[in-house]
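Hello,

Here is the structure for your files. Please look it over before reading on.

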Amino acid sequence: MSSLNAPVEAGSMKGVRRWSVGLGFLAAATLVVSFWMIFFYAPTEREMGIVQRIFYVHVPSAWVAFLAFGIVALCSLGYLWLKDPRLDAISVAAAELGVVFTTIVLITGPLWGKIAWGAWWVWEPRLTLTLLLWFIYVGYFILRGATDSPERGKRFAAILGVVGAVDIPLIHMSVQWFRSQHPKPVVMKPEGPTAAPEIIQTLLVSLLAFTLLFFSLLLARYLVQRLQERVDAVRFAATLRPGASASQGVTV
Amino acid sequence: MRSIRIVLLALAALVTAPAAPSSLAAQEPSVAPAEAAAPSSAAPAADAGASTLPRYTPPRTLRAYTHVFAAFAVAWVLLFGYVVFLARRFRRVEEQVDALARS
């Protein structure tokens with residue numbers, strides 16, 4: 001049981017837990033402010049009307065999903081190089097959250113598009129590439145579990161995590177490079193943002209809230225992953241111990 | 001294998017989704033383009049000749065409110081569901097750690 005009670009690891013786990021809870025409270029407070037701004041502060045857009053407010057959940061979700069998959073790519077690269085299990089745990093946590101936030105993007109987008117474009121879905125570059133991104137990272141989890149050796153599964157998934165991130169700049173640039181129905185950026189432009197200041201302020205607060213929520217959930221998921229790995233390692237060691245009964249340390 | 005089947009079913013549902021009618025851009029008369037908002041509803045705005053085309057104006061109906069409500073509801077239900085899933089998983093792992101420590 002020594003690995004379960006290792007004092008240094010236990011201390012760092014407590015720190016991770018504390019940060020996760022702290023960031024969670026901060027995220028909740030920022031989300032309350034962002035909700036107030038979305039529905040009472042930001043003006044209703046002239047052309048689109050009320051449906052434009054989906055923007056404040058759609059864009060931050062997309063930002064957080066890109067951030068998550070960027071973290072997956074960096075940590076996967078680090079894992080392939082250093083073989084540090086902590087990097088793999090961060091990759092898994094970020095990939096799972098990336099899939100959750102991309103799902104939000106893929107659901108809120110059509111709800112907006114049906115009113116704005118008259119169609120739920122259009123096979124245009126940005127939408128198609130975003131759907132592809134979702135499939136890549138769903139595939140990441142399928143690949144992890146599809147191999148006989150867990151180590152090999154981690155390695156294959158890490159390679160997919162790095163390769164899949166190539167889709168992120170493609171999604172971002174697709175509206176510039178291709179004929180696209182999706183609107184162009186209004187904030188990150190060379191000549192500065194073109195939207196009304198209230199809209200930009202509300203968007204920034206929403207971005208902050210979603211980013212804080214993301215990091216809080218990322219730390220919580222990382223903690224679960226590390227604890228699960230330790231439990232699995234101890235169980236595996238128990239099965240290898242001579243004279244250990246099959247159920248010892250396994251039945252929980 | 002069940003997850004692969006679900007993914008394939010989702011893909012099939014998306015493939016059968018209708019494409020945006022290209023004539024939408026010419027359906028309704030032009031309104032002043034809102035500089036203020038992110039989403040331009042004029043589909044081919046990227047084209048050089050787009051400014052001469054009349055814009056598609058989204059209908060101002062109660063349906064738009066339903067879509068806003070649905071979008072926020074789906075986002076928060078998904079996130080809340082994920083938090084609950086994570087909390088349950090965390091509790092389960094903690095129980096396993098306690099059981100192993102006891103044994």
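This is a predicted model: local features need pLDDT of at least 70, side-chain atom pairs count only at pLDDT 80 or more; totals for chains, interfaces and linings use all residues.

Residues are numbered from 1 along each chain as its sequence is written, with chains lettered from A and ligands numbered from 1 in the order in which they are written.

In chain A, helices α4 (residues 125-146) and α5 (residues 150-164) pack at about 170 degrees, their axes 7 Å apart. Helices here are DSSP runs of H or I, at least four residues, numbered from the N terminus; axes are lines fitted to C-alpha atoms over the stretch in contact, and angles run from 0 to 180 degrees between N-to-C directions. α4(A) and α5(A) are therefore roughly antiparallel (over 145 degrees). Residues making the contact (C-beta atoms, placed from the backbone, within 7 Å) include L133(A) and Y137(A) of α4(A) and F156(A) and L160(A) of α5(A).

F69(A) touches L133(A) and Y137(A), among others beyond four places away in sequence. F69(A) is also one of the residues with the most contacts inside the largest nonpolar core, which has 82 residues. Such a core is a set of buried Ala, Val, Leu, Ile, Met, Phe, Trp, Tyr and Cys residues joined through C-beta atoms within 7 Å. The largest share, 19 residues, comes from α7(A).

L111(A) lies in helix α3 of chain A. L111(A) counts as buried (20 or more other C-beta atoms within 10 Å) because it has 25 such neighbours. Its contacts beyond four places in sequence are I54(A), H67(B), A70(B) and A71(B).

Regards

Definitions and conventions:
Helices (H or I, at least four residues) and strands (E, at least two) are DSSP runs, numbered from the N terminus. Angles under 35 degrees count as roughly parallel, over 145 as roughly antiparallel, 65 to 115 as roughly perpendicular and the rest as oblique. Two residues are in contact if their C-beta atoms, placed from the backbone, lie within 7 Å. A residue is buried if 20 or more other C-beta atoms lie within 10 Å of its own, exposed if 12 or fewer, and partly exposed in between; C-beta atoms are placed from the backbone.
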